[in-house]
Structures are given as C-alpha cells and as structure tokens.
Amino acid sequence: MKLKTALMGAVAAVALAPQAIAERGADGHVNIIYWQAVSILNPYLSGGTKDIEAASMIIEPLGRYDNNGVLVPWLAAEVPTVENGGVAQDLTSITWRLKPGILWSDGTPLTSADVVFTWEYCTHPEGGCAQASKFDGVVSVEALDELTVKVTFAGPMPVPYGPFTGGQGPILQKAQFQTCLGAAAPTCTDANFGPVGTGPFVVTDFRPNDVIQMAANPNYRDPAKPRFATVTFKGGGDAAGAGRAVLETGEFDYAWNLQLAPPVLAGMVAAGRGKAISAFGTLVERIEINLTDPSPSLPEGERSTRKHPHPILSDLRVRKALSMAIDRETLVEIGYGQAGRPACTIVPSPPNFASTRTDCLAQDIAGANALLDEAGWVRGPDGVRGKDGRRLSLLYQTSTNAVRQDFQALIKQWWSEIGVETELKNINAGVFFGGDPGSPDTFQKFYADVEMYANNFDGTDPQAYLSAYRCGNEPRPETGWQGENINRYCDPAYDALLDELARTADFEERGRIARQLAEMLTVESYTILPLVDRGRVSAHANTLGGVVLNTWDSELWNVADWYRIK
Amino acid sequence: MTDVLTPPAPEAAPKPPRSPWRDVWDQFRSHRGALAGLVIFTLFLLAAAVGPYIWRVDPTFITIRARNLGPSWTYPLGTDQLGRDMLARMIAGGRISIAVGLTAMALSLVLGTLVGMLAGFFRRLDGPLMRLTDLFLSLPLLPLLLVMVMLFRESLSQRFGPETGIFILIVFAIGITSWMQTARIVRGDVLALKEREFVLAARSIGTPPGRIITRHLLPNVMSPIMVSATLGIANAIITESALSFLGLGFPPDFPTWGRLLFDAVDYIRDYPSRVIWPGVAISLVVLSANYIGDGLRDALDPRIRGR
C-alpha cells in the first residue's frame with residue numbers, strides 16, 4: 001500500500017513537474033517567520049535587519065552579494081569594473097547600466113531617474129537616513145540616459161560599490177516617494193508600508209509589527225518566477241517559537257536567525273521536519289558602550305547626545321576593565337556552541353580585513369580590578385566601587401531573547417567581581433530594533449549605559465560599515481534618531497583614517513587600514529566590546545527548496561528561486 | 001461533630017462566654033480543604049521568610065561548570081542553564097511573588113474598602129464612586145499594566161533602585177486595578193447594614209458618621225473583606241507571574257516564579273522539572289489561598305456556621 005502510494009506520488013510529481021517549472025505562482029503559498037516583527041518596509045528609515053530583509057523581497061538594489069560574497073548584477077546589466085569601463089580610471093566615478101525592460105510592480109518602467117531619486121531621498125539634508133553611510137563620499141548621482149546612472153565620488157573610491165548595492169541599498173520608485181523627501185519621510189505611511197518594487201513579491205496587506213501578506217509581482221522580470229503565488233511573512237514571538245514552528249510543527253517553511261542555546265536547537269532538529277542551516281559571515285554580537293550621558297535627569301532631546309559626555313564610561317580605563325572581566329570563550333560555549341567563535345574585532349571576515357589581535361580573549365579579573373583602582377574607583381562597603389559620590393553602576397539593556405538574558409546574567413556576575421553594579425533590562429526585540437523615534441527603548445536612542453546586540457555589514461568590504469562611526473553620524477533628535485554611530489564615538493584621527501581608506505586602492509593597504517580602524521574602536525579604545533563572531537543559523541522545512549543561506553546580504557536574496565519540493 | 005453544637009448549660013454561669021473568633025476557628029477547622037490550604041500557605045510563607053537563612057545559596061550566583069544538573073544533595077532541585085541553584089531561585093522567587101501578592105492585596109483592600117464604604121454610606125458619593133468602579137472594571141488589566149511599566153519603570157527605578165522601584169510599580173499597578181470587587185461587595189453590605197436598627201439607634205443618639213463607620217459598620221463587613229483579601233492574594237500572584245512570564249516586570253536577573261517559568265520554557269522538553277517546580281508552586285499557593293478564602297467565608301457567616 002505504501003509502495004503504491006509512493007509510486008503514484010512519483011507519477012504525479014513527474015506529470016506535474018514540467019508545468020510547475022514553467023509557471024509563476026504554481027507552488028502556492030509559503031510561510032516565513034521572523035521572530036522580530038517587521039515595523040516598516042523602507043530600509044532607509046530603519047536600521048533593523050528584519051526590516052531590511054523583509055523589504056528585500058519587494059525592492060531590489062542594482063547589485064547583490066551572493067552566498068560567496070561576490071557582487072552579482074541584480075537590476076544592473078553587469079557589475080561595472082575598470083576593465084569594462086564602468087569604473088573610471090581615476091576611480092572617482094562608477095557608471096551603472098540598468099537591465100532594459102524592468103518594470104515596477106505597478107507596470108511603469110524602472111529608469112535611471114529612480115536611482116537618482118533614491119540618492120536624493122537618503123541624502124536629503126532635512127531628513128534622517130538609516131543607510132547614510134552607504135552614500136559616504138558621494139558627490140553626485142546623475143542620469144546619463146534612461147538606463148544609465150553615474151555616481152561621482154569626492155575622491156578616488158577604490159571600492160565604489162557602496163551605493164545601491166546589497167539589502168541596505170535598494171532602489172525606491174520616484175513616483176511613489178517623491179512627496180516623501182526629508183522631514184516628510186516618516187509620514188508617508190502608505191509608501192513606507194507598501195513600497196512599489198521590482199522584486200518578486202508585492203505587499204497586499206501590511207500590519208506593522210505583526211504580519212505581511214504578499215503576492216507574486218505580476219510584472220516580475222522572469223515570467224517563470226517567483227514560484228510561490230502568495231507569501232505570509234509573520235513576525236513576532238521568540239526564537240524558540242519560530243524554530244519550533246518550522247522544525248517541529250511544520251506550520252512555517254522558513255525561520256530566520258535562530259538564536260537558541262545549542263542543545264535546544266539540536267532537540268528541535270531531531271524532530272525531522274526541517275533543517276537548520278548555518279554559515280559564518282560578519283555578524284558580531286557585541287556590547288556597545290554609550291559615550292554620552294543617558295541620565296533621565298537630563299531634558300528630553302539632550303539625553304544620550306554629545307552635549308553631555310558619559311560621567312563614568314568616558315574613562316578609557318573603565319571601559320577596558322569592563323572588557324577584561326569578560327570570558328568570551330565561556331559565552332560562546334553557553335550561547336552558541338559550534339555556531340560561534342570568540343571575537344575581539346567587529347570585522348571578523350574576510351581575512352584581509354580581519355584583525356588578528358586576540359588580546360581581549362583572556363579574562364583578567366585581577367588586572368581589571370587594578371585598572372579600576374588606578375582610575376580612582378574605590379570599593380564601598382557593599383563591594384560596589386564609587387568615586388566622588390557616584391556609584392559605578394550601569395544600566396545594561398538588550399532585546400528579549402533567552403541567550404541574551406543568559407549573557408546578561410553572566411556578564412553581570414563578572415562585572416560584580418570587579419565592583420561594577422549592573423542593572424539589567426530587556427526590551428521586546430520588535431521595539432528595540434524598531435527604530436521608532438517616539439519610543440524611548442530603541443537601540444538607536446540608547447537610553448542606557450551599555451547595550452548588547454549583533455550587527456554585520458553587506459558585502460565583503462567594510463568601508464561603509466566602518467564609516468558608520470564617523471563623527472556626526474550618531475543618532476540624535478535632529479536626524480529623527482537615525483544614524484549608525486550608536487556609541488556617539490567621535491575621534492578626528494579615526495575620521496582622517498577613514499578618509500585615507502576611501503582614497504586607498506591597494507587591496508593589502510586597505511586591509512591594513514581597515515584593521516587599524518576596527519582596532520581603534522575595539523581593542524584600543526574599548527568603545528565596542530565584541531563578544532562572539534556569530535554564525536547565522538536559520539531553518540527551513542524539508543519541503544522548501546532553493547534556499548541558499550547568504551551571510552553577505554539579505555537572507556531572502558534569492559526568494560524568487562524558492563520552490564516547493566513535491 | 002464538634003462541641004459547638006452542644007448548647008451551653010444555662011446553670012454554668014461562671015464559665016466565660018466563648019469568643020466569637022473561637023467559633024470561627026472551629027467552623028474553619030471543619031473545612032478540610034481550607035485547613036489543608038492554610039497549612040500549605042503557611043509552609044510557603046515560612047519557606048519564603050526563613051528559607052534564605054537556612055539555604056544560604058545566592059540565587060543569582062552562576063557556576064558555569066554545574067549547568068543543567070539534576071537533583072542532588074548539593075542542588076536539591078538541580079541547576080538551570082547557567083548553573084544557578086534552582087532551590088535558591090525558587091525560594092527567592094517565592095519571596096518576591098508572595099510579597100507582591102500580600103502587599104498588592106493590602107493596597108487593593110484598603111482602596112476597595114474605602115471606596116465601598118464611602119459609596120455605601122454617603123448617598124451623594126454613591127453615583128460618582130460606583131461609576132468610577134465601573135470604569136476601572138472595564139479597563140483591560142494587562143495592556144494597562146504594560147503601559148504603566150513602560151511609562152514609569154525608569155523614573156521609579158531611578159529613584160528607588162531597580163528592585164524596589166519595580167516592586168512599588170507592580171504592587172501599585174496590581175493594587176489599583178483589583179480593588180473594584182471589594183468595593184462593590186462592601187458597598188452592598190453597607191447599604192443593607194445602615195438601615196438596620198442598631199445603626200439607626202446609633203444615629204438617633206447623635207453618633208457622628210465617622211464613629212458609626214468604625215464602630216458599627218466596619219466590624220460587620222469584615223467577613224466579606226477577609227474573603228476577598230484571600231482571593232486578592234491569589235489574583236495578585238497570578239498577575240505578577242503573568243507579567244514576569246511576558247518578560248516584563250522585574251529585571252531579567254530577578255528570579256520570580258513567573259520569570260523562572262519564562263526562562264525554563266525553552267528547555268521544557270529536556271528539563272521539564274524546571275517548568276514544573278515554579279508552576280506547581282504558583283498553583284499550590286493560589287489554590288490554597290482560594291481554599292482559605294472559601295473556608296473563611298463559611299466560617300465567618302453565622303448562618304452557615306454550625307451546619
């Protein structure tokens with residue numbers, strides 16, 4: 001009986017397969033779960049990975065990084081290089097040519113005007129842009145003709161692929177967003193919640209912080225794709241729930257970022273309904289240190305801004321002591337197992353750019369204590385240090401996640417051994433990474449002394465990522481709390497070195513400068529305390545085919561190729 | 001049969017009269033569930049009150065090498081995923097959960113009695129106060145609590161420290177959202193009582209309202225108040241656990257029973273005992289408080305007493 005059923009199934013599969021291959025939407029429905037709910041579908045207004053990745057199904061960049069970190073043309077006909085004449089000999093400009101015949105989902109053609117507009121949108125002086133560092137050094141973007149766009153840089157740009165590439169640089173439709181420039185950007189709810197795109201899917205219903213319904217884009221450039229007619233993109237819950245929904249109950253087909261303790265994940269995979277897939281990229285779990293004063297006694301609009309330096313953490317010795325007290329090996333063992341490595345740098349990969357310094361790895365409680373003594377922090381009767389009537393007490397916030405709360409508890413204990421009192425706080429991930437300027441609990445506002453999360457960069461060149469820490473790029477009220485310099489780090493020497501990186505073409509030399517920049521932020525100034533180089537772990541159902549885990553770009557980069565295994 | 005039923009011999013005049021509380025206790029004793037509940041509740045109270053002095057293990061101390069252990073002599077209830085002692089965590093959790101339950105109950109009782117008494121006794125206040133009660137009854141509790149936690153957590157923890165601050169916030173939040181039942185019961189009883197002859201008599205000899213309330217009304221509404229008090233404890237413990245379970249409430253390193261449950265959910269399959277212990281503790285305390293309330297209601301009602 002079983003054999004007969006199997007045979008019949010096989011016959012049916014063979015009979016249906018040719019049709020299925022030829023047809024858009026033939027594979028029905030796919031369910032995707034992101035345990036951090038999506039709040040907005042405009043990546044220029046949100047630094048949250050979940051928002052960027054959800055948007056990558058709808059709007060697309062000119063070029064994407066594939067799973068090997070190689071830039072491949074997406075909306076562009078080819079990747080411009082010096083050899084094919086796309087990049088100027090003096091490296092000061094890059095000319096992209098769009099693939100002809102690409103239509104927006106509303107049926108109008110994609111033109112170079114849209115690309116120019118995207119640049120204007122993100123660099124508008126009156127508005128904040130979450131991806132401003134992608135356009136670092138860009139002087140002008142001009143349309144040469146309907147399909148050609150020329151990006152000119154202030155100086156030679158050895159890696160001119162920052163603008164308009166990767167999940168953080170998709171093209172917006174001018175017709176839809178042209179009234180949304182500058183300060184008006186966050187008010188264009190319809191556009192931000194349902195951008196018109198060139199990607200394989202279009203939004204049919206968007207409920208912020210809950211669920212997105214999508215349907216196949218009727219004007220998608222490949223008539224046979226996407227294979228799925230509709231998508232339910234569910235957000236919210238927690239990593240364990242998302243993992244269970246795919247690996248154990250099979251309600252969902254794809255779950256993103258399963259940040260779970262190793263034995264928990266192994267237990268789920270044992271149920272046999274799906275696979276956990278992982279790959280190392282540039283994702284680093286880190287503690288960000290606030291260099292500005294987050295005290296609630298300051299007036300709103302001045303908290304966590306550069307007007308008030310942090311009364312405790314401005315001292316390098318305190319920051320160094322905090323780092324020395326942490327045992328990164330143990331953190332990896334508790335939280336990530338095989339899917340993590342201890343990290344001392346925020347650029348763990350590719351090898352040319354990864355700092356090899358490992359001096360943060362050894363835990364040194366005695367050394368940290370000595371350093372704090374030297375800095376003038378004396379232990380009080382309850383074991384907590386103090387200086388000038390101020391207790392060495394820190395508020396340590398992160399998103400709600402079992403692994404992160406375990407990390408908090410561990411680090412709190414180590415810090416208590418060096419006389420630092422820690423107050424822990426956890427915030428719902430959807431809010432923490434939501435980027436809502438009205439909420440006091442976002443990681444950009446940073447109303448805490450230290451905070452922990454993970455961050456990575458698109459592609460294989462860290463220049464844009466390191467540019468995030470340029471002075472002036474910090475989130476502040478004037479930018480609608482958008483910005484990537486979360487620590488409010490400001491060092492002219494760093495900025496000068498960044499400019500040098502931007503001018504340098506030699507690959508080896510770029511590696512040296514990038515390593516030095518990353519070291520300035522980490523093992524030298526201890527502004528960022530890297531903890532774990534995290535492998536990305538996601539899961540897909542056994543019946544979902546075509547998934548290629550990509551750590552260099554959006555995980556949903558090839559969602560158009562996904563299909564149902566019958 | 002207890003000796004309550006035996007009518008006192010009329011000739012035994014020198015024997016002092018039985019105190020009414022003695023009758024109550026005798027009746028309460030006859031309610032087996034209530035008695036069991038009282039024993040269990042007292043045990044939990046004792047464990048929470050003196051437990052930390054007997055079991056001197058820091059509930060937040062992490063022993064990395066002793067993770068996920070089963071029960072043993074060193075760790076009677078095992079350890080959690082960071083090697084923290086579960087027994088110590090259970091005791092610490094009980095301390096907080098029960099403290100929140102008792103304090104929130106006291107607050108809601110005071111509020112409820114005050115509002116109910118005023119509404120029942122002063123006709124002019126009846127309308128506004130009862131509409132206020134209706135208003136509070138119609139508020140959805142959990143969303144309101146979430147908003148309160150978000151709005152006031154920072155300023156309170158700034159002023160009183162993270163633990164006391166959030167304790168005050170949660171007790172206050174639960175207290176001011178659970179007084180309505182008490183207020184309605186008290187008002188109903190007062191409305192009936194104030195027309196009774198002894199109150200009329202007191203009024204006719206010119207007793208001021210304050211005196212009437214404290215001398216004549218309050219003692220007579222004690223029994224419904226005490227019953228709603230026990231139910232209030234149960235309610236407050238459940239609300240606190242729910243808040244902690246949602247990851248709000250106390251800071252994450254603070255073991256409360258709800259937080260222990262929340263932390264253990266990820267490990268429910270591999271280490272079910274970690275979910276069972278706090279779950280059982282919450283259920284037992286809530287159930288025993290309810291039984292005590294049930295027994296008290298019977299014992300305090302003279303019409304049921306002796307049946």
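# Terms and Thresholds in a Two-Chain Model

Modeller: Counted over all chains, the structure holds 27 aromatic pairs. The model is predicted: local features need pLDDT of at least 70, side-chain atom pairs count only at pLDDT 80 or more, and totals for chains, interfaces and linings use all residues. Residues are numbered from 1 along each chain as its sequence is written, chains are lettered from A and ligands numbered from 1 in the order in which they are written, and side-chain values use heavy atoms, with hydrogens and water left out.

Colleague: Why do A:Y34 and A:F233 count as an aromatic pair, and what is its class?

Modeller: Rings of Phe, Tyr and Trp (its six-membered ring) pair if their centres lie within 6.5 Å; planes under 30 degrees apart are stacked, those over 60 edge-to-face, and the rest tilted. The centres of A:Y34 and A:F233 are 4.8 Å apart and their planes make 40°.

Colleague: What makes the pair of A:W96 and A:Y161 edge-to-face?

Modeller: Their planes make 75°, with 6.4 Å centre to centre. That angle is over 60 and the distance is within 6.5 Å, so the pair is edge-to-face. A:W96 lies in strand β4 (residues 93-97) of chain A and A:Y161 in the loop between β6 (148-153) and α4 (174-177) of chain A, 65 residues apart.

Colleague: Are A:W96 and A:Y161 buried or exposed, and why?

Modeller: Buried means under 20% relative accessible area, exposed over 50%, and partly exposed in between (1.4 Å probe, protein chains only). A:W96 is at 1% and A:Y161 at 18%. Both values are under 20%, so both residues are buried.

Colleague: Why is A:E23 given its class of accessibility?

Modeller: Its relative accessibility is 45%, between 20% and 50%, and A:E23 therefore counts as partly exposed. A:E23 lies in the loop between α1 (2-22) and β1 of chain A. A:E23 and A:K225 are 202 residues apart in sequence and 7.3 Å apart in space, C-alpha to C-alpha.

Colleague: How do you know that A:T165 is buried, and which residues is A:T165 in contact with?

Modeller: Its relative accessible area is 0%, which is under 20%. Contact means heavy atoms within 4.5 Å. Leaving aside neighbours within four places in sequence, A:T165 is in contact with residues including A:P61, A:G63, A:W96 and A:D458.

Colleague: Why is helix α3 of chain A described as largely enclosed?

Modeller: Nine of the 11 residues of α3(A) (residues 112-122) are buried, so the helix is largely enclosed by the rest of the structure. Among them are A:V115, A:F117, A:W119 and A:Y121. The buried residues pack against β5 (138-145), β6, α4 and α5 (189-193) of chain A.

Colleague: What makes the charged end of A:R64 sit over the ring of A:W74?

Modeller: A charge sits over a ring if NZ of Lys or CZ of Arg is within 6 Å of the ring centre and within 35 degrees of the ring normal. The charged end of A:R64 is 5.3 Å from the centre of the A:W74 ring. B:R274 likewise sits over the ring of B:Y267, 5.2 Å from its centre.

Colleague: What is the secondary structure of chain B?

Modeller: Chain B has 11 helices and zero strands. Of its 307 residues, 45% are buried.

Colleague: At what angle do helices α3 and α7 of chain B pack, and what is the hand of their crossing?

Modeller: Helix α3 (residues 86-121) and helix α7 (residues 180-193) of chain B pack at about 35°, with their axes 7 Å apart. Axes are lines fitted to C-alpha atoms, for helices over the stretch in contact, and angles run from 0 to 180 degrees between N-to-C directions. The contact includes B:L109 and B:G116 of α3(B) and B:V186 and B:R187 of α7(B).

Colleague: How do the residues of this contact divide?

Modeller: Nine are nonpolar, five polar and one charged. Ala, Val, Leu, Ile, Met, Phe, Trp, Tyr, Cys and Pro count as nonpolar, Asp, Glu, Lys and Arg as charged, and the others, Gly among them, as polar.

Methods
Helix = DSSP H or I, 4+ residues; strand = E, 2+ residues; numbered from the N terminus.
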